[in-house]
Amino acid sequence: MLRDLGPLLHSKTPISLTVDLSEVTYVDDFGVLVLIELRHMMTAQRGAFSLIHATDKVREILSLLHFDDLTDRVHLAKKQIPNIFVRLGDATLRHIHDFQYLTSFTGSVFLALLYVCRHPRSLRSEDTVLAMLKTGVDALPIVGLISFLLGLIIAFMSSVQLRQFGADIYVASLVSLAMTRELGPIMTAIIVAGRSGSAFAAEIGTMRISEEIDALFTMGFDPTRFLAIPKIVASIVVVPLLTLFSDAFAILGGMVVGVLMLDLTASAYIAQTAVTLTPFDVFLGVLKSAVFAFLISWISCFRGFRVRGGAAGVGTATTSAVVSSIFLIILTDALFSVILRYWG
């Protein structure tokens, strides 16, 4: 129909077009589209369009399909990109809201930890053990491998310089001190942030968008104590143990270089390591790793609770959790260095 009427209307260019619906008893959505297209053609030619003799049934159908509204062409407005001041203000308000929620979440975490300390049976032991398994035992192979390679690299690079002065034996001192005090806790924390921190944020974020957290709150459970505390406790327990394993593997990697390249004996290397390390060095690394573990689990759970939207929101929260964890790890380590410098 339109293929016949279209060329005819363009060639004749009538002043008006009147459609007689007296014989029409029913109009479906395709018929309405035909009428709309005819009206558009006449409007484009600045002609008049009208319907006559429409039955009540036809008028009812046209009304249900919003015929009068559909015949108006909608002009889509181009989306305006907000200027830099609008974006700056929006980011400022968003960060203020995040800081307010972070303060509230931090308070709820400490209150929940205090409650668990006073009522140990309230801690969900099964979830805590499962989190320990995923955070600690499952991460041991990758932590051991990276620490071994890192100790090997440090020993190899330092031996190039120390050999010039006949101080090969001090490679053991350098590797043990560097890994125990600084690199061991940091590398272990970064691996845990990438593996477990992202998993914490994704798990809680998925529960947020599926309204499972709201269901927990409705049933009378404290979401922070129910979801966050087992992960925080598990991280604080297993990350220091992972750090000790990291130190051991790094010293082993340094010993491989010392024995194979520097002509040192294994006993001499171990003896020099034992002379260099003090209990305070080991304790400092364990203390740092415990603080890092708390920061990783805390900020990851926070990012999970702040998820909005759908799958994209979960991905954003996961990325933000890892980036925030690494930033807090480096910042806290710098604060430790400053405190120890002036305290010593």
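Me: What does Phe226 count as, and at what relative accessibility?
Reply: Phe226 counts as partly exposed, at 21% relative accessibility. Buried means under 20% relative accessible area, exposed over 50%, partly exposed in between (1.4 Å probe, protein chains only). This is a predicted model: local features need pLDDT of at least 70, side-chain atom pairs pLDDT 80 or more, while totals for chains, interfaces and linings use all residues. Residues are numbered from 1 along each chain as its sequence is written, and side-chain values use heavy atoms, without hydrogens or water.

Me: Switching to rings. How many aromatic pairs?
Reply: Six aromatic pairs. One of them is Phe105 with Phe305, tilted, at 5.5 Å centre to centre and 50° between the planes. Rings of Phe, Tyr and Trp (its six-membered ring) pair with centres within 6.5 Å; planes under 30 degrees apart are stacked, over 60 edge-to-face, the rest tilted.

Me: Which parts does that pair tie together?
Reply: Phe105 is in helix H5 (84–118) and Phe305 in helix H12 (279–305), so the pair ties parts 200 residues apart in sequence. Helices are DSSP runs (H or I, at least four residues), numbered from the N terminus.

Me: Phe105 and Phe305: buried or exposed?
Reply: Phe105 is buried at 4%. Phe305 is buried too, at 3%.

Me: And what does Phe226 pair with?
Reply: Phe221, in a tilted pair, 5.2 Å centre to centre with 55° between the planes. Phe221 is partly exposed, at 40%.

Me: Which residues cluster with Phe105?
Reply: Ring pairs link Phe105 with Tyr101, Phe302 and Phe305.

Me: What lies over the face of Tyr101?
Reply: Arg306, at 4.8 Å from the ring centre. The rule: NZ of Lys or CZ of Arg within 6 Å of the ring centre and within 35 degrees of the ring normal. Arg225 also has its charged end over a ring, that of Tyr115, 4.0 Å from its centre.

Conventions. Helix = DSSP H or I, 4+ residues; strand = E, 2+ residues; numbered from the N terminus.
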